[in-house]
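Good morning, and thank you for making time for this presentation. I would ask you to keep the sequence and the model in view as I speak.

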Amino acid sequence: MTTIEPNSSTHVPGIRELEGMAENVEQIAFRVPVSPAGLTGDPSGPLASATQAITGEELLRADGQQDLTELDVAAPVVPPVPIPLPFRIASGRYRSQPLGFQLELRVDVDGRHPLGKLSGDYYVVSGATVSYFGSWTVDAVTVSATPTTLTIVGTARTTWPTTFTVATVTVPRARIFQPAPPASIRWSTPTGAIGATYVCAWAAGAFRTVELEQDCESSVTPFASYNTGSQPSGGPARTLSTAGSYAEAGIQMLDTGGGNVINTAANHVWNNASLHNAMQAHFSRWQETPQWKVWLLHAQRHELTTPTSTLLGIMFDQQGLQRQGCASFYERMATNLRTQLYTCVHELGHCFNLFHSFHKQFMNPPMPNRVHSLSWMNYPRFYQPLGGGTGGEAAFWAAFPFVFDDMELAHLRHGFRNAVIMGGNPFGTGAAFEVAADNIADTTGLRLEVKPTHERPVLGMPVVLDISLTAERRQQVNTREQLHPKYGFVQVVISRPRGDVIVHRPPVTHCATPELVAAGSGETLPISAYIGYDAAVGQIFEDPGAYRIRAMYAAPEGNLIISNLATIRIGAPHSVEGDIVADLMLGEETGMALTLLGTDSQYLSNGMNALETVAQDYSEHPSAVYARFALGMNQARPFTAVQPDGEVNVREPDLDRADYFLRGAIDESRGEGGLDNKTVYQAAAYLADSHAKAGDTEGAQRLREDIRGLAQQNNEPPSVIQSLEG
């Protein structure tokens, strides 16, 4: 088998994706040569342009207008008008010529509810055969406009390894009565090396097109449309069909018109096996292959519809290639058009690989639940507004604007193809495109920033995240301490180089009543947090490579503040000593011991022994200072051990050993390297408190004055200085 590197500069003879592979295309794709067409292995690489009949330089005339003759399209004559007409929107779907690689490009920067993103799918064209190659997405773009041109720039995530990740899309501006001009995309590396250029003709205003086939049980009158103004709601009044609801999300639903009426007995009851068989028998476009085609059955009753359990709909196709069929059950909603619309859109949403708003944590990779979401994918009865207040069904319908939330829109429009297409990834796999989502608008006056305390640690070094919340105007926020992820008000999401995404779950969660402070204008509340160990997956940073990190803060007023996207690169060890230390620090018990800041527990003795070994035998390694910190914190406090027979033993603090470890770690961290400043302050304050409790008030005071002076020297904000007071 030959593994192709799609963005390398080396050409290989054509490729196609192996059919039937079960792995997630977002993690790894295996491909083999299929033709001697002379294609580059990287569609974004510099030689891929050779397959394009039109180069980027030919795209624009000197005056910035599109040269349509290059596409063999006659430019229509548009008579002059006395008043300039509005420009056409640039957002939509574009497609390059089918020469070698064909690119389907999606631009999402203006028009109805723009997300400020780019995405695309590459296909390999070999004779009459077209094979899917891979997908890419730009999560955040910079847009600049002139009277003649719209330019969109951003850095892409791809399903294949490449260095050509910077996309520059150019769209000539046209008036609304002029034909839509083609868009060009030029790839380059972050250092400026030029890759491929594609010219993509306008294809459609929708980002994706799906064929919808609807069949109906004979006893059912299928849903047609609903006027959202018929009852109070949170959005504008309009008449919506199932297809119209998806059209508002940017997804074109084409009704195939080939629906069947399924004649059943009056008392017929469906079960999952019979539904899957019905889909195979009645879904005329059904195949065991990924395709933009889906089946919706309007049925009467499911076996789980009982007097005590109501089932309104189901995405039942979870055998073989999943997410191709769903059903709505009308027994309990025969005359309720609002519920019929909701159910049809909701179940089709599952076919696009969208989980319930309250089940996001069960996806692979998991995401935070969003019970506050006013989305088609939430259950009305489970709705709970951010910041508290009345939830439930009545509150949901009163506020529901009949839309998907922005993270779901990002998935529908720009998720990697196999994570979205029917019959692609299994249900719930790869549907966490939301990890890279940004707020479309943010007027909260709060800014959340994250950055790793060491941008290039070596494998095994504990990863500590610097989290800071800045208030741009005076308002209530959680205390600085409660910004630590262990309190649950801040959640951290980590995308790993192996391709999975972790919603960090601290092994120890603190359930605490929110403590609020009035943050002044411009005030910053910083905290540092060790995020290397997770309650579900254990050690997070156990591979060399690049990790992407984002945090979210649930503010008291119900706002969800999303941080910047930070990157940390873990370096591989380059010595035998480095390998040994990495093995010691990446042990499961070691990770838990670090989380607890040391322990006497017999169940974590291997982890504590590993920290002792690193601190004493490998004292010059960068990880040793973290080991000394955890060992010292453990010795600075008492430890209570409850024996199996109920006897309680208390080990009192050992201040001599605490001083040895913690003062050494503090001194080692005063210059370059060592612990981050916030952790140094934490260690010193804790040690000072321990001395004070032992009666050494003079020693405690000296330590506090020393560390307070260091914080002032480092220009720390008042919230940090105040935390160091005795």
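**Backbone, rings and helices**

Let me begin with Leu-597, which counts as buried because its relative accessibility is 19%; buried means under 20% relative accessible area, exposed over 50%, and partly exposed in between, with a 1.4 Å probe and protein chains only. The model is a predicted one, in which local features need pLDDT of at least 70 and side-chain atom pairs count only at pLDDT 80 or more, while totals for chains, interfaces and linings use all residues. Residues are numbered from 1 along each chain as its sequence is written, and side-chain values use heavy atoms, with hydrogens and water left out.

Leu-597 lies in the loop between helix H9 (588-595) and helix H10 (605-617). Helices here are DSSP runs of H or I with at least four residues, strands are runs of E with at least two, and both are numbered from the N terminus. The phi of Leu-597 is positive, near 60°, although the residue is not glycine. His-113 is another non-glycine residue with a positive phi, of about 45°. His-113 belongs to the loop between strand S4 (101-108) and strand S5 (117-126), and with a relative accessible area of 40% it is partly exposed.

I turn now to the aromatic rings. A ring pair is described by the distance of the centres and the angle of the planes. Rings of Phe, Tyr and Trp (its six-membered ring) pair if their centres lie within 6.5 Å; planes under 30 degrees apart count as stacked, over 60 as edge-to-face, and the rest as tilted. By this rule there are 23 aromatic pairs. In one of them, Tyr-123 and Tyr-132 have ring centres 5.9 Å apart and planes at 65°, so this pair is edge-to-face. Tyr-123 and Tyr-132 are both buried. For Tyr-246 and Phe-404, the centres are 5.4 Å apart and the planes are at 50°, so the pair is tilted. This pair links distant parts of the chain, 158 residues apart: Tyr-246 is in helix H2 (residues 242-248), and Phe-404 is in the loop between helix H5 (393-399) and helix H6 (406-414). Tyr-246 is buried at a relative accessible area of 0%, and Phe-404 is buried at 3%.

Ring pairs also join a cluster that includes Tyr-226, Tyr-342, Trp-376 and Trp-397. Arg-338 lies over the face of Trp-397, at 4.1 Å from the ring centre. A charge sits over a ring if NZ of Lys or CZ of Arg is within 6 Å of the ring centre and within 35 degrees of the ring normal. The charged end of Arg-88 likewise sits over the ring of Trp-202, 5.6 Å from its centre.

Finally, the helix packing. Helices H13 (residues 677-693) and H14 (residues 697-713) pack at an angle of about 165°, with their axes 8 Å apart; axes are lines fitted to C-alpha atoms, for helices over the stretch in contact, and angles run from 0 to 180 degrees between N-to-C directions. H13 is therefore roughly antiparallel to H14, given that angles under 35 degrees count as roughly parallel, over 145 as roughly antiparallel, 65 to 115 as roughly perpendicular and the rest as oblique. The axes of helix H12 (residues 655-668) and H13 come within 10 Å and cross at roughly 155°, so H12 and H13 are also roughly antiparallel to each other.
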